[in-house]
Amino acid sequence: MAEPAVRVGRRLPKGAVSAALVAATVLTVVLVPLFVPLDEQAVDLGSKLQVPSAAHPFGTDEVGRDLLLRSVYGLRVSLLVGAVAALVATVVGTAVGALAGALGGWADRVVMRVVDLFSSVPHLLLGIFVVAMFRPGVGPVIASIAVTHWLSTARIVRAEVLSLRSRPFVDAAVSGGSSRLRIAVRHLLPGVLPQAGLAAVLMIPHAIWHESALSFLGLGLPTHQASLGNMVQAARGSLLAGDWWPTLFPGLFIIVPTLAVAGLAAAWRERLSPRRRSELTL
């Protein structure tokens with residue numbers, strides 16, 4: 001009994017640290033624009049590439065814009081894109097997975113072959129194909145992430161539905177004359193919601209990295225808009241010249257929040273079902 005207690009004790013601090021970092025991230029994107037009286041788009045060529053100081057805690061970029069505010073606004077955009085894309089992908093994946101698991105038979109096989117077909121294409125390549133058909137903007141980026149990230153949720157939900165279908169209470173509902181729709185709504189759907197919610201949280205870090213990668217490649221958000229991927233891409237020349245801060249701080253704003261959300265989701269996953277961690281890995 002001592003060993004499981006040690007494992008629980010080791011997990012709790014990680015979850016607490018992740019929760020604190022997520023809370024700090026949310027407070028940062030909400031409070032910094034209120035208390036820092038600067039315009040993130042204001043260009044001041046006389047102040048370009050200033051080192052971090054009291055006036056500009058993160059320094060300035062190649063055209064004199066404040067990196068702290070631009071990083072905060074870029075993080076705000078990334079969190080918005082990640083949350084909306086994760087929600088859309090989770091809804092689609094839950095619907096597809098629940099349909100496949102509930103119907104079974106040939107319908108299940110057809111749906112899962114479609115899932116396998118989409119999974120055979122690399123996420124980034126498929127995302128580039130989607131955004132290339134539209135002008136740069138938030139909508140195409142969200143669509144590209146949703147199209148490429150619903151697959152794992154569909155597999156998770158399908159597996160859970162197949163497990164629930166073999167439970168005695170479902171057999172009792174069938175014997176009682178309940179329709180397939182009633183069984184799905186009253187018994188199967190509530191059982192898959194915790195896993196679907198966890199899949200959505202786990203998807204947010206993936207979505208943030210996906211958006212940053214597309215913006216870095218010049219296919220995501222417009223170059224004038226504050227985006228962490230755009231900022232890292234624009235800072236490549238400064239980094240080669242020895243100016244490290246335009247790359248470091250936007251990069252940290254990508255890495256730290258995504259690791260915090262992933263850590264929080266991992267703690268939730270352990271509490272939800274320690275024996276089924278492999279099923280919930282995206």
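Is Leu126 buried or exposed, and what is its relative accessible area? In this predicted model, Leu126 is buried, with a relative accessible area of 15%. The cut-off for a buried residue is under 20%, so Leu126 falls in that class.

## Overall content

The chain holds 11 helices and 0 strands. Read along the sequence, its pattern is α-α-α-α-α-α-α-α-α-α-α. Of the 282 residues in the chain, 41% are buried. The accessible surface amounts to about 14600 Å², and carbon and sulfur atoms account for 69% of that area.

Contacts were also sorted by separation in sequence. Among those between residues at least 6 apart, 71% join residues at least 24 apart.

## Leu126 and its surroundings

Leu126 belongs to helix α4, which covers residues 123-131. Apart from residues up to four places away in sequence, Leu126 touches Phe118, Val121, Val147 and Thr148. Thr148 is 22 residues from Leu126 along the chain, and the two C-alpha atoms are separated by 6.9 Å.

Phe118 is among the residues of α3 that make the contact with α6, and Thr148 is one of the buried residues of α5.

Helix α5 runs over residues 138-149 and has 12 residues. From its first C-alpha to its last it reaches 16 Å, close to the 16 Å expected at 1.5 Å a residue. The buried residues in α5 are Pro140, Val141, Ile142, Ser144, Ile145, Ala146, Thr148 and His149.

Helix α2, residues 67-103, packs against α5 at an angle of about 45 degrees, and the two axes lie 8 Å apart. That angle makes α2 oblique to α5. The crossing of α2 past α5 is right-handed. On the α2 side, the contact is made by Val81, Val84, Ala85, Val88 and Ala89. The α5 side supplies Val138, Val141, Ile142, Ile145, Ala146 and His149. Among these α5 residues, Val141, Ile142, Ile145, Ala146 and His149 are buried.

## Helix α3 between two partners

The axes of α2 and α3 come within 7 Å and cross at roughly 150 degrees, which makes α2 roughly antiparallel to α3. This crossing is left-handed. Val96, Ala100 and Leu103 of α2 meet Gly105, Ala107, Asp108, Val111 and Met112 of α3.

With α6, the values are as follows. Helix α3 (residues 105-119) and helix α6 (residues 151-165) pack at about 150 degrees, with axes 10 Å apart. That makes α3 roughly antiparallel to α6, and α3 passes α6 in a left-handed crossing. The α3 residues in this contact are Asp108, Met112, Val115, Asp116, Phe118 and Ser119. Their counterparts in α6 are Leu151, Ala154, Arg155 and Arg158. Asp108 and Met112 take part in this contact and also in the contact of α3 with α2.

## Leu75 in helix α2

Where does Leu75 lie, in terms of helices? Leu75 is part of helix α2. Its relative accessibility is 2%, so Leu75 counts as buried. Leaving aside neighbours within four places in sequence, Leu75 is in contact with Thr25, Val29, Leu228, Phe253 and Pro257. Val26 is 49 residues away from Leu75 in sequence, and the C-alpha to C-alpha distance is 9.6 Å.

Leu49 is found in the loop between α1 (2-35) and α2. Its phi is near 50 degrees, a positive value in a residue other than glycine. At 26% relative accessibility, Leu49 counts as partly exposed.

Asp243 lies in another loop, between α10 (236-240) and α11 (245-272). Its relative accessibility is 17%, so Asp243 counts as buried. Which residues does Asp243 contact, leaving aside its neighbours within four places in sequence? Asp243 is in contact with Leu49 and Ser238. Asp243 and Val51 are 192 residues apart in sequence, yet their C-alpha atoms are 8.2 Å apart in space.

Conventions:
Residues numbered from 1 in each chain as written. Predicted model: local features only at pLDDT ≥ 70, side-chain atom pairs only at ≥ 80, totals over all residues. Heavy atoms only, no water. Helix = DSSP H or I, 4+ residues; strand = E, 2+ residues; numbered from the N terminus. Expected span 1.5 Å × (residues − 1). Buried < 20%, exposed > 50% of the residue type's maximum accessible area, 1.4 Å probe, protein only. Contact = heavy atoms within 4.5 Å. Areas by Shrake-Rupley, 256 points an atom, 1.4 Å probe, with all protein chains shown as cover. Axes fitted to C-alpha atoms, helices over the stretch in contact; angles between N-to-C directions. Parallel < 35°, antiparallel > 145°, perpendicular 65-115°, else oblique. Left-handed = near helix turned anticlockwise from the far one by under 90°.
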